[in-house]
Amino acid sequence: MVLNNALEINRIFLPMFSFPGMTALDATAGNGHDTLQLSRLSGENGCVIAMDVQEMALANTKKLLDEKAEFDNVRLVLDSHVNAASYVHGKDLQLAVFNLGYLPGGNKNITTNAGDIIDSLSSLFPVLLPGGAVFVTVYPGHLPGQKEAALLETYFSQLSQKEFSVMKSLFVNQKNSPPQFFIISKR
């Protein structure tokens with residue numbers, strides 16, 4: 001096995017925090033690849049909430065799910081991840097995925113920002129189950145991504161060690177500021 005990118009790392013670690021029947025959140029649906037994986041991991045009795053602020057992202061996600069999904073367990077939501085906690089209200093959240101930056105193939109001027117991510121995470125951490133995790137992939141190859149990476153690392157480093165364990169992974173021999181990958185697991 002060769003690890004080429006952050007998405008492959010996601011595919012390795014997500015199953016470690018998953019169980020059939022879980023509730024999962026794809027906070028930045030994008031082209032739907034994380035949504036599809038969460039759907040498979042959640043299984044027939046699970047629930048996946050896939051959010052994005054762009055209609056194009058949800059259309060791309062729906063198309064991928066229509067072609068490849070094994071289960072009808074995904075709810076698509078046109079809204080910002082800042083409001084994610086309201087969609088998981090009353091559910092026990094096991095996993096959340098944030099794949100930051102801009103929509104591949106979309107408008108590069110529409111990007112995530114660290115302030116909104118921090119607000120979203122702060123509202124999700126209380127509903128995250130013990131043993132659950134949040135996966136965050138940051139792309140510092142562009143200016144907004146550099147700012148996100150710096151602010152999020154500061155935020156993650158200040159989380160209570162008694163409540164959370166935070167791991168950072170990055171490719172150190174790749175050119176052009178490769179993605180950084182964080183896993184925040186709740187104790």
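Reply: The buried residues of helix 2 are Asp34, Thr35, Leu36, Gln37, Leu38, Ser39, Leu41 and Ser42. Here buried means under 20% relative accessible area, exposed over 50%, and partly exposed in between, with a 1.4 Å probe and protein chains only. Helices (H or I, at least four residues) and strands (E, at least two) are DSSP runs, numbered from the N terminus. The model is a predicted one, in which local features need pLDDT of at least 70 and side-chain atom pairs count only at pLDDT 80 or more, while totals for chains, interfaces and linings use all residues. Residues are numbered from 1 along each chain as its sequence is written, and side-chain values use heavy atoms, with hydrogens and water left out.

Me: Why is helix 2 described as largely enclosed by the rest of the structure, and what covers its buried residues?

Reply: Eight of the 10 residues of helix 2 are buried, so the helix is largely enclosed. The cover includes helix 1, strand 1 (23–26), strand 2 (47–52), helix 3 (55–68), strand 3 (74–78) and strand 4 (93–99). Just after helix 2, glycine 43 takes a positive phi of about 75°.

Me: How does one read the packing of helix 1 with helix 2?

Reply: Two packed helices are described by the angle between their axes and the distance between the axes. Axes are lines fitted to C-alpha atoms, for helices over the stretch in contact, and angles run from 0 to 180 degrees between N-to-C directions. Helix 1 (residues 6–13) and helix 2 (residues 33–42) have axes that come within 11 Å and cross at roughly 10°. Leu7, Asn10 and Arg11 of helix 1 make the contact with His33, Asp34 and Gln37 of helix 2, where contact means heavy atoms within 4.5 Å. By class, these residues are one nonpolar, three polar and two charged. Ala, Val, Leu, Ile, Met, Phe, Trp, Tyr, Cys and Pro count as nonpolar, Asp, Glu, Lys and Arg as charged, and the others, Gly among them, as polar.

Me: Which residues lie nearest the centre of the largest pocket?

Reply: Rolling a probe the size of a water molecule over the atoms shows where empty space is left. On a 1 Å grid over the protein atoms alone, a pocket is an open set of points with protein on both sides within 12 Å along at least five of seven lines, whereas a cavity is a set where a 1.4 Å probe fits but cannot get out; lining residues have an atom within 4 Å of a point. The largest pocket is lined by 30 residues, with Asn99, Leu100, Gly101, Tyr102 and Leu103 nearest its centre. The lining has 12 nonpolar, 14 polar and four charged residues.

Me: Is histidine 81 buried or exposed?

Reply: Histidine 81 is buried, with a relative accessible area of 7%. Histidine 81 lies in the loop between strand 3 and helix 4. Beyond neighbours within four places in sequence, histidine 81 is in contact with residues including Met51, Phe98 and Asp116.

Me: What is the phi of asparagine 176?

Reply: Asparagine 176 has a positive phi of about 65°, although it is not a glycine. Asparagine 176 sits in the loop between strand 6 (164–170) and strand 7 (180–186), and at 69% relative accessibility counts as exposed.
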